[in-house]
Amino acid sequence: MKKLQYNSPVILSFFFLSLAALVLDCLTGGVTTAALFSVYRAPLTSPLTYVRLVGHVLGHADWSHFFGNICLILVLGPVVESRYGSWNLLISILITALVSGLVYFVFFPGNALLGASGIVFLLIFLSSISGIRGGNIPVSLILVALIYLGGEIYDMIFVADSVSQLTHIIGGICGIVCGTAMARGKR
């Protein structure tokens with residue numbers, strides 16, 4: 001008899017934590033999402049401010065938002081985790097969450113940020129950069145950067161919506177920086 005395998009502990013844990021955050025959101029009418037899973041300008045004396053700086057990546061506005069992010073995370077994440085290792089991926093996720101959380105906390109005091117789209121972009125770039133060999137830059141990384149980051153910059157300038165293109169860009173940059181650092185560490 002075949003057994004289930006928890007093959008990607010960081011990604012699967014991220015999935016279950018995000019799912020739990022959304023279920024709690026539904027049960028509490030959004031109270032838990034506002035308290036724990038979205039980042040916004042709040043007093044530095046509140047311990048929850050620091051939780052929200054990274055916890056915002058677990059929160060989602062609704063089921064559609066959740067499924068849009070989590071499907072890509074479940075497709076890309078296990079491959080990236082097997083390539084770089086669970087600890088390296090966890091550190092990359094925490095860095096991305098903290099950087100995007102701090103940017104919104106400092107520069108966008110009237111806005112709240114939630115969702116894992118920055119993590120999706122981190123994973124896209126980590127998977128693209130995994131082809132670095134001998135210090136050469138993979139053409140696939142350049143194309144991904146042009147297509148994804150170029151599209152986000154265009155949308156940020158010309159499209160008025162509630163999507164945080166800046167978070168996508170931060171996730172992509174964190175993916176490039178973390179992926180490059182991990183590739184150098186292996187040499």
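**Notebook: rings, charges and helix packing**

I count a charge as sitting over a ring if NZ of Lys or CZ of Arg is within 6 Å of the ring centre and within 35 degrees of the ring normal.

I note that this is a predicted model, in which local features need pLDDT of at least 70, side-chain atom pairs count only at pLDDT 80 or more, and totals for chains, interfaces and linings use all residues. Residues are numbered from 1 along each chain as its sequence is written, and side-chain values use heavy atoms, with hydrogens and water left out.

**Entry on confidence**

I looked up pLDDT, the predictor's confidence in each residue, from 0 to 100. The protein chain has a mean pLDDT of 89, and 94% of its residues reach 70 or more. Confidence is highest in helix α1 (residues 9–28), at a mean of 98, and lowest in helix α7 (residues 139–158), at 80. I take helices (H or I, at least four residues) from DSSP runs, numbered from the N terminus. I keep in mind that where pLDDT is low, the predicted coordinates should not be read in detail.

**Entry on Phe-105 and Arg-41**

Which residue lies over the face of Phe-105? I found Arg-41 there, at 5.6 Å from the ring centre. Phe-105 belongs to helix α5. With a relative accessible area of 10%, Phe-105 is buried (buried means under 20%, exposed over 50%, partly exposed in between, with a 1.4 Å probe and protein chains only). Phe-105 and Arg-41 are 64 residues apart along the chain, yet their C-alpha atoms are separated by 5.0 Å.

**Entry on Arg-52**

I located Arg-52 in helix α3 (residues 47–55). Arg-52 is buried, at 5% relative accessibility. Its C-alpha atom is separated by 8.0 Å from that of Tyr-40, 12 residues apart along the chain.

**Entry on aromatic pairs**

How many aromatic pairs does the structure hold? I found 7. In one of them, the rings of Phe-15 and Phe-16 have centres 4.9 Å apart and planes at 70°, so the pair is edge-to-face. For this I used the rule that rings of Phe, Tyr and Trp (its six-membered ring) pair if their centres lie within 6.5 Å; planes under 30 degrees apart count as stacked, over 60 as edge-to-face and the rest as tilted. Phe-15 is buried, at 18% relative accessible area, whereas Phe-16 is partly exposed, at 44%. Ring pairs also link Phe-15 and Phe-16 with Trp-63, Phe-66 and Phe-67 into a cluster.

**Entry on helix packing**

I describe two packed helices by the angle between their axes and the distance between the axes. Axes are lines fitted to C-alpha atoms, for helices over the stretch in contact, and angles run from 0 to 180 degrees between N-to-C directions.

Helix α6 (residues 117–129) packs with α7 at an angle of about 160°, with the axes 8 Å apart. The two are therefore roughly antiparallel (angles over 145 degrees; under 35 is roughly parallel, 65 to 115 roughly perpendicular, the rest oblique). The crossing of α6 and α7 is left-handed, a term used if the near helix is turned anticlockwise from the far one by less than a right angle, with right-handed used if clockwise.

The axes of helix α5 (residues 86–107) and α6 come within 10 Å and cross at roughly 135°. I therefore record α5 and α6 as oblique to each other, and their crossing as right-handed.
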